Amino acid sequence: MSKLFSPITIGSIPLKHRLVMPPLTRLRSNPDDSVSDMMVEHYAQCDSDGGLIINESANISIQARGYFGAPGPYLDNHINGYRRIADAVHAKGGLAVAQILHCGRTSHTDITGGRPPLEPSVIPFDTMALTQGGWKPVSPHRAMDLGDIRQTVEDFRDAAQRAFDAGVDDVEIHSANGYLLDSFLYDGSNKRTDAYGGAVDNRARFLLEVLEAVSALRGADRIGVRLSPSGEWNDMVDSDPMAMFSRVGELLYQFGLAYLHVIEPRIKGDDAKVGHEDTEPVAAAHLRKVFQGPIVAAGGFNGDSAEAILEKGDADLGDLASEARRDSRPCMNVYARKPSVVSSTTWSASM
Ligand SMILES: Cc1cc2nc3c(=O)[nH]c(=O)nc-3n(C[C@H](O)[C@H](O)[C@H](O)COP(=O)(O)O)c2cc1C
């Protein structure tokens, strides 16, 4: 019997199967960052048949923006659009998760209301941000002071509140891929000497404060966290990533989350940035030692390899981003309804 197609409960949410639609930024929001008709249509087409659909990452504030066209539940008038997405997902029997994020230093003042992008520390960084005028080199960033940290924790909480008000089932805190929360975890980007820098527990403090604030809304079991251990996206480096992520995983497990979403360092990503595509998954296995709650495995998986990591016990759910994109419709129906797409006989047999 296929593990992928067996039911599981995450937090208090029962799922009919373990295939997860990954968060995939589409950049189709209205100019005021509200949800567009096209976005609703996109999610309405995702026939998950009782699975988890994680919405593309959404900004928690204007200063959190890094990609023009990404949505944000950072204003109360964004709630209605999110409600339309949640309703569309629920109408097809799916469970809706809103992923919320702060892009940190990967931004430009053109899209942050003129405010400099924020980071734990000022470290020279060279990448592009998508503005209304196209891609531009990121603006110089500023190290966050304690007031910025407090404000950002509140922004995460308020964005999560709006998402819950819109009817989503869970929120996922984006602490991966070199964005703000992730950059606090790595000692290559976090050179702080206050309570938010130095030892791993200090570097994880900001993430935990966000979780504390968000869990006060509906409980920790309505929250997922996304991590990308040793991911190279956005130039993340750490002197001892294994030890760092072990400790972070331990701290997250104590929190009683609905799930931990782990991106393997090998990813397919988009065609321009292929990372260690043919290597074995290692991150979920590493975190499993300290995190016994539900783990969603992401990064370079197809039907067979997702089934294998579940069989091995290193993960409980599988996120097949590349497979979904390959069919140009990043939707659950791609693999839930069309097993031939993932060329797996075990999947076919299990349908
Ligand atoms: C076009 C595109 C958009 C993405 N958007 C998001 C996003 O909004 N949030 C997120 O956490 N990851 C995002 N990702 C990362 C994917 O969810 C996934 O983790 C990554 O592609 C690795 O999986 P894969 O090897 O199966 O592609 C995006 C990736 C791509 C290629």
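Predicted model: local features only at pLDDT ≥ 70, side-chain atom pairs only at ≥ 80, totals over all residues.
Residues are numbered from 1 along each chain as its sequence is written.

The secondary structure of the chain comprises 12 helices and 15 strands, where helices (H or I, at least four residues) and strands (E, at least two) are DSSP runs numbered from the N terminus. Of the 351 residues in the chain, 53% are buried; a residue is termed buried if 20 or more other C-beta atoms lie within 10 Å of its own, exposed if 12 or fewer do, and partly exposed in between, with C-beta atoms placed from the backbone. Among contacts between residues at least 6 apart in sequence, 71% join residues at least 24 apart, a contact being scored if the C-beta atoms of two residues, placed from the backbone, lie within 7 Å.

When residues up to four places away in sequence are not counted, Val262 touches Leu227, Pro229, Ala283, Ala284, Leu287, Ile295, Val296, Ala297 and Ala298.

Helix α3 also packs with helix α6 (residues 205-218), the two axes coming within 9 Å and crossing at roughly 35°; axes are lines fitted to C-alpha atoms, for helices over the stretch in contact, and angles run from 0 to 180 degrees between N-to-C directions. The contact is made by residues of α3 that include Ile149, Val153 and Phe156, and by residues of α6 that include Phe206, Val210 and Leu217.

In helix α1, the buried residues are Met39, His42 and Tyr43. These residues lie on the same side of α1 because they cover an arc of only 90° around the axis, the arc being that of the directions from the helix axis to the C-beta atoms. The buried residues of α1 pack against β4 (52-54) and α2 (79-91), whereas the face turned away from the buried side carries the exposed residues Asp37, Met38 and Glu41.

Strands β8 (residues 128-131) and β9 (residues 134-137) run antiparallel and are joined by four bridges, with strands taken to pair if DSSP finds at least two bridges between them. A hairpin through two residues joins β8 to β9, and Ala129 stands opposite Lys136 in β9.

Several loop residues were also examined. Gly11, in the loop between β1 (8-10) and β2 (13-15), counts as buried because 20 C-beta neighbours lie inside 10 Å. Leaving aside neighbours within four places in sequence, Gly11 is in contact with Asp170, Asp221, Arg222 and Ala258; Gly11 and Asp170 are 159 residues apart in sequence and 9.2 Å apart in space, C-alpha to C-alpha. Most residues other than glycine have a negative phi. Asp33, in the loop between β3 (19-21) and α1 (37-44), has a positive phi near 70° and is buried, with 23 other C-beta atoms within 10 Å. Asp235, in the loop between β12 (223-227) and α7 (241-255), has a positive phi near 65° but counts as partly exposed, with 17 C-beta neighbours inside 10 Å.
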